[in-house]
Amino acid sequence: CRKLGMLAWRRGDFLEAERNYKESIRIAKSLGEKRPTAATAMNLGVLEHICGKTVDAERLFTEALTIFEELGDLQGVGECLGNLAITAEGMGRWDEAASMHRRVLGIWRQLGKPSYIQYSGYLLTLLQAVRGETPDLSVVKEVQVLAEQLNSPSARAFAAQTAVLSYPQSE
C-alpha cells in the first residue's frame with residue numbers, strides 16, 4: 001500500500017495517496033513492523049502538510065519521530081525533526097523551530113551528511129533572518145565551505161542565499 005500511496009501522490013491523486021498511506025500504516029502496525037510504520041507516517045505527514053493539514057502532519061511526524069528514536073535510527077530522527085521544525089515555523093512557534101533546526105544540524109554533522117548539513121544550515125539562517133536575528137556566523141561559514149566541497153549548483157545556491165541572509169538588515 002505504501003508504494004501505491006507514492007504512485008498516487010506522483011499522479012497528483014492526494015486522496016488516494018492518503019488512503020493508501022493510512023492502510024499501509026494500519027497493516028504495518030498490525031504486523032508490528034516499526035520501521036515501515038514510521039517511514040509511512042512520515043510520508044503521510046509530508047502529504048498532509050502539503051494539503052494544509054498541519055495539525056495532522058505534526059501528529060504523524062511526532063509518531064514517526066518516536067518510533068525512529070526507539071529504533072536508534074538517526075537518519076529517520078533527523079528527517080522527522082526537520083519536518084517538525086518546518087511545521088513549527090508554519091505555526092509561528094519560532095523558538096521551537098530554531099531549537100529543532102539546531103538539533104537536526106547536529107544529527108547531520110554526526111552522520112557526516114554534507115548536503116544535509118548545508119540545507120539545514122540554510123534553513124536555520126533563513127529562520128534567524130526572518131526573525132530579525134543575527135545569523136550564527138559559524139553556520140554561515142560552514143554552508144560556504146560545504147558549497148566549495150560539494151561543487152553543485154544547489155550547493156552554490158544555498159551558499160549564496162545564506163550569505164545574503166547573513167548580512168545585517170538595514171531598517
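This dialogue works through how to read a few features of a predicted model.

Trainee: What does pLDDT stand for here, and what does the chain average?

Mentor: pLDDT is the predictor's confidence in each residue, from 0 to 100. The chain averages 91, and 95% of the residues score at least 70. Residues are numbered from 1 along each chain as its sequence is written, and side-chain values use heavy atoms, with hydrogens and water left out.

Trainee: Is Ala28 buried or exposed?

Mentor: Buried means under 20% relative accessible area, exposed over 50%, and partly exposed in between (1.4 Å probe, protein chains only). Ala28 counts as buried because its relative accessibility is 6%.

Trainee: Which residues does Ala28 touch?

Mentor: Contact means heavy atoms within 4.5 Å. Leaving aside residues up to four places away in sequence, Ala28 touches Glu33, Pro36 and Thr37. Ala28 is found in helix α2 (residues 14–30); helices are DSSP runs (H or I, at least four residues), numbered from the N terminus.

Trainee: How many residues has helix α7, and what does it pack against?

Mentor: The expected span of a helix is 1.5 Å times one less than its number of residues. Helix α7 (residues 114–130) has 17 residues and reaches 24 Å from first C-alpha to last, close to the 24 Å expected. Its buried residues, including Ile117 and Tyr122, pack against α5, α6, α8 and α9.

Key
This is a predicted model: local features need pLDDT of at least 70, side-chain atom pairs count only at pLDDT 80 or more; totals for chains, interfaces and linings use all residues. Helices (H or I, at least four residues) and strands (E, at least two) are DSSP runs, numbered from the N terminus.
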